[in-house]
Amino acid sequence: MRNIWTIARKEMNSYFRSPIGYFILAIFAFLFGFIYYRSVADFIFTSLTRAQYAQMYGQSMPPMNVNEMVIRGLLSTTSFFLLFLVPMITMRLFAEEKKTGTIELLMTSPITEMQLVLGKFFGSLLLYSIMLGITVPFMMILFRYGNPDWKPVVAGYLGQLLLGGTFISLGLMFSTFTRNQLIAASLTFTTLLLLWVIGFWSQSSGSAWAQIASYIAILTHIESFTKGVIELKDTLYYLSAIGLGLFLSVRSVESTRWRA
Amino acid sequence: MIEVQGLTKRYGKTVAVNDLSFSVEKGEVLGFLGPNGAGKTTTMRVLTGYLPPTTGKVRVAGYDVMESPLEVKKRVGYLPETPPLYTDMRVHEMLDFAARIKGVPARQIKTRREYVAEKTAITDVLNKIVGHLSKGYRQRVGLAAALIHDPELLVLDEPTAGLDPKQIIETRKLIQSLSRDHTIILSTHILPEAANTCNRVMIINAGHLVAEDTPENLTHRLQGFETMRLVVEGPQEPVREALAGVEGVHEVSPIPMPGGRVEFSVQMAPEQDRRKELARKVVEGGWGLLELRPTGMSLEDIFLKLTTKDTAESEQAQQAAAAPETPEGGEPETAEEVTEA
C-alpha cells in the first residue's frame, strides 16, 4: 500500500512540476466553462420564451428539468473532452521513465510491477479527479439557483470517474509500450477515438455485429450514468476494462525485463 | 555476499554474458574490468535484479535474484552509468523519493537523507533542481540515492565515466571510504582506477571471465618474466654481453639514449632476485650504473594481452566454425582512455 501511495504521490507532484498539469486543468476549465455558459444561457432563454408563451395564452408554464436540460448535456460533453485530455495525462507515465532511464531506479527498488502500475494509475486518477473537481462549483451554482435532483448528478459523476479510469488505464498501457511520449499519446487517442466511433455505427444498424459493437463502444455505457441510472452491466463494463488495461500494463512492464 | 554460478545472459541471438561464475565476500571491493560491450553492465543488471539471467544461479546476500527479487533489491544500492534521476525534482525531493521507494521507514528518512548528503558532499545543492546540476553533482546525487537505504551491496556502473580528473579523484576517495561499510562492485574500462580502488579485479571480455585476482597478483602471475630497467653509462655491446651473462637472464634489449647512455630492458626468470648480480657486472666492467629498477607489467599491459589474446582465439574458433558474426567487444579500445585517466 505504502509503495503504491509513494508512486502515486510522485506522479501527482510531477504533473505540477512541469506546466502540463496546469495546462490540462486550464484547458478543461476553459472548455467546461464555455459549454456551461452556453447551456445555462440556452436554458434561461428557453424558460423565458416558454413563460412568455404561457402568459400570452393564459396557460400554466410546462415544468423544466435542470437535470435533463443542463446537467446531462454537460456530463456527456465532458466525456467527449476526455478523448483528447486523457492521452495528455497518461502519455508520460512510463514512456518518460524509459526515455530518461529512471525506470532503472524503479525496477531495482523493492516494489512489484503491480504496485508500480497501480501507483501510476492512481496518480493519474488523482489529477483527473482534480479536473472533475473543477466542475463541482459550477454544479453548486445550479443547486443554489435551481432545484435539480441530486441523485442523477452523483450517478453522473460516478460514471465520469469510471469512464476516466478506463481511459487512463488504456493510456497507461500504451505508455508502457514505447519510450516515445508522442507515440503513446497517438496510440491512446486513436484507440479511444475508434472505440467512440464504433458507437455511431452500432446506432445506425441493427445487426448482431452492431450490438456487439455497441457493447464494446466506450461511450455508449456512459449514457445510463448521465441519465442518473447506475446500471450493473455498465459499471462492470468499466471496471473490467480498467482491470484489463492494468493487467496488460503489468504484463508489459514485466516483459520489458525479459526483452530489454 | 554474492554467489554467481554459470550465469549466461542472451539478448536474442547475442550472448552478452557467457557462463560466468564468481563469488564476492563481504567487505570486498571488486572491479569489473573490460572493454565496452564486454558484459559488465549486463552482469551488474542481473545482480541488481533489473534483468533476469537466461541461465545460471545468482545469489545476493543469501537470496536468489529470481526467487526473492524484493529481498535482494532491499539490500542492493545500484548506480547505473547514467544516474537515474528525475531532473524536474529538487535534490532533497529526489532523495526522499528514493528513500521511500527503497523502503526506508518514514521516521528515518530525514536522518538518512542528511547522512548520505554529507557523505557524498551534496549538502549545498539539496535545494537545487536536479536538472540544473553539473555532471559531477548528478553522479553524486545518484550515489546518494543508491546509498539512502544503507545497502549491504553497492553496485556502481562506471562511477567515474564523464567526470573531470578532480572529480575522478574525489569519487575514488569516496568509494574507498564507503568500502568500510559496504561491499562494492564497480565496473570500469579505465585500468588505473581498478588498481587504485579494488582489492580484486575480474577481467571480462566478450562475456567471458578472462582473469581474476588482486591487482598485484594479476601483475605477477601473468608476467612470465620479470623485467628490469637499467640505465648504464658505457658502450652498448660489451654491456649487453655482460648482462646477458648473468644467470637467469632471458633477453637483453638495448635502447640507446643521448649522452653515451644506454637503457637496457632485461627480461629474466622471476624466481630469484638477480639485481645484485646485474649491478656487480656493470660495476666490474667499469661502467656507470645510473638506474636499476624492476618494471612490473602494468594492468594495461595485462589487459591488452589478455583481451587481444582472447579475441585472436575466439576469431580462430569462429573461423573454424565458419560463423559469420564477429566477436563482441573485440577491439580493446583502451589506449586513449588510459592516457586520459
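I began with chain B and looked up its contacts (C-beta atoms, placed from the backbone, within 7 Å): among those between residues at least 6 apart in sequence, 69% join residues at least 24 apart. I note that this is a predicted model, in which local features need pLDDT of at least 70 and side-chain atom pairs count only at pLDDT 80 or more, while totals for chains, interfaces and linings use all residues. Residues are numbered from 1 along each chain as its sequence is written, and chains are lettered from A in the order in which they are written.

I then looked up the secondary structure of chain B, which comes to 12 helices and 14 strands, taken as DSSP runs numbered from the N terminus (helices H or I, at least four residues; strands E, at least two).

For the open sheet I found four strands in the order β2-β1-β4-β5 of chain B, with antiparallel pairing, where pairing requires at least two DSSP bridges between two strands. Its edge strands are β2 (14-24) and β5 (63-64) of chain B, each pairing on one side only. Two bridges join β4 (residues 55-60) of chain B to β5(B), and I noted Asp64(B) in β5(B) as the bridge partner of Arg59(B).

Turning to the partner chain, I found 21 residues of chain B in contact with 17 residues of chain A. On that side of chain B, α2 (69-74) and α3 (91-101) each supply at least two residues.

Lastly I looked up Val155(B), which, not counting residues up to four places away in sequence, touches Met44(B), Leu47(B), Thr48(B), Val76(B), Tyr78(B) and Ile185(B).

Key:
Contact = placed C-beta atoms within 7 Å.
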